[in-house]
Amino acid sequence: MQDRIYAEPQQRVSQFAFDEAVARVFPDMIRRSVPGYTTIIPMIELISARYAQAGTNLYDLGCSLGASTLAMRHGVKDKACQIIGVDNSEAMLNQCRQYVQEDSASAPVELVLGDIRQQPIENASLVTLNFTLQFLPPADRGPLLASIYAGLQPGGVLLLSEKVCFPEPEQSLQEVLHHDFKRANGYSDLEISQKRNALENVLITESLDTHKERLRQLGFAQVWVWYQCFNFVSMLAVKL
């Protein structure tokens, strides 16, 4: 379905939530809102094929409709891996289950309704946080990443995709380009403005340097940006 959640003027714009209305239009919303998303997802399959270790767990934290989950599932092939998708939105998980059932790959998938901050990370070789960390309070991000690091096997990786912020004047330019991207995908200025208001204090960005430094302090030996489009980046953090 086409995303028209913010197409009409709203007297009071409610805080953004991953509810049933968003779940119905989420594929269209994220394709038209996040530059590079349609590139990142298939690359997760390739990254999984390279880094997934036989007999380990792969986690998709904040799995939403399961795009990253299914990409990992197709990447692991015959490595006897278990994939665990976690999300706190029941509406999202209900649709995710349907997509998993219809998928042709064979790796087992467990879907968990819960808070990713409470999810044990054990015997992991790949953990994906695909535009998820940005929705957590900043104070909760370090403890979650520390838990992920502790649960990764040597050679395991964290794939972290985030919207980031920059010093001025680059920040203003990146925002303009992002809004141009949305307009090119059919969003009106009203939709862009109302969606931005809905996300205020819900999606809190940090700088790329902040992300890199925190990951290094937690012990990740290598932290690389493998993809960037405007103010959206995806990183690989490797535990040696």
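A disulfide is defined here as a pair of cysteine sulfur atoms within 2.5 Å. By that criterion, the structure holds zero disulfides. The model is a predicted one, in which local features need pLDDT of at least 70 and side-chain atom pairs count only at pLDDT 80 or more, while totals for chains, interfaces and linings use all residues. Residues are numbered from 1 along each chain as its sequence is written, and side-chain values use heavy atoms, with hydrogens and water left out.

**Cysteines.** The closest cysteine sulfur to that of Cys63 belongs to Cys96 and is 4.5 Å away, too far for a bond. Cys81 is likewise in no disulfide, its nearest cysteine sulfur being that of Cys63 at 17 Å. Cys63 has 2% relative accessibility and counts as buried (buried means under 20% relative accessible area, with a 1.4 Å probe and protein chains only). Cys81 is also buried, with a relative accessible area of 2%.

**Pockets.** A pocket is an open set of points on a 1 Å grid over the protein atoms alone, where a 1.4 Å probe fits, with protein on both sides within 12 Å along at least five of seven lines; lining residues have an atom within 4 Å of a point. A volume is the space filled by probe spheres set on the points. In the table, Ala, Val, Leu, Ile, Met, Phe, Trp, Tyr, Cys and Pro count as nonpolar, Asp, Glu, Lys and Arg as charged, and the others, Gly among them, as polar.

| Pocket | Volume | Lining by class |
|---|---|---|
| Largest pocket | about 1100 Å³ | 23 nonpolar, 15 polar, ten charged residues |
| Second largest pocket | about 180 Å³ | nine nonpolar, three polar, one charged residue |

The largest pocket is lined by 48 residues, of which Phe18, Gln134, Phe135, Leu199 and Leu203 are the closest to its centre. Helix α6 gives the most to this lining, with five residues.

Cys229 has Phe232 in β8 as its bridge partner. The two strands form a hairpin with two residues between them, and Phe230 in the turn has a positive phi of about 55 degrees.

An unreviewed UniProt entry places the feature "domain: Methyltransferase" at residues 60-156; such annotations may be inferred rather than shown by experiment. This span is 38% helix and 26% strand, and its end C-alpha atoms lie 14 Å apart.

Notes:
Pairing = 2+ DSSP bridges. Helix = DSSP H or I, 4+ residues; strand = E, 2+ residues; numbered from the N terminus. Buried < 20%, exposed > 50% of the residue type's maximum accessible area, 1.4 Å probe, protein only.
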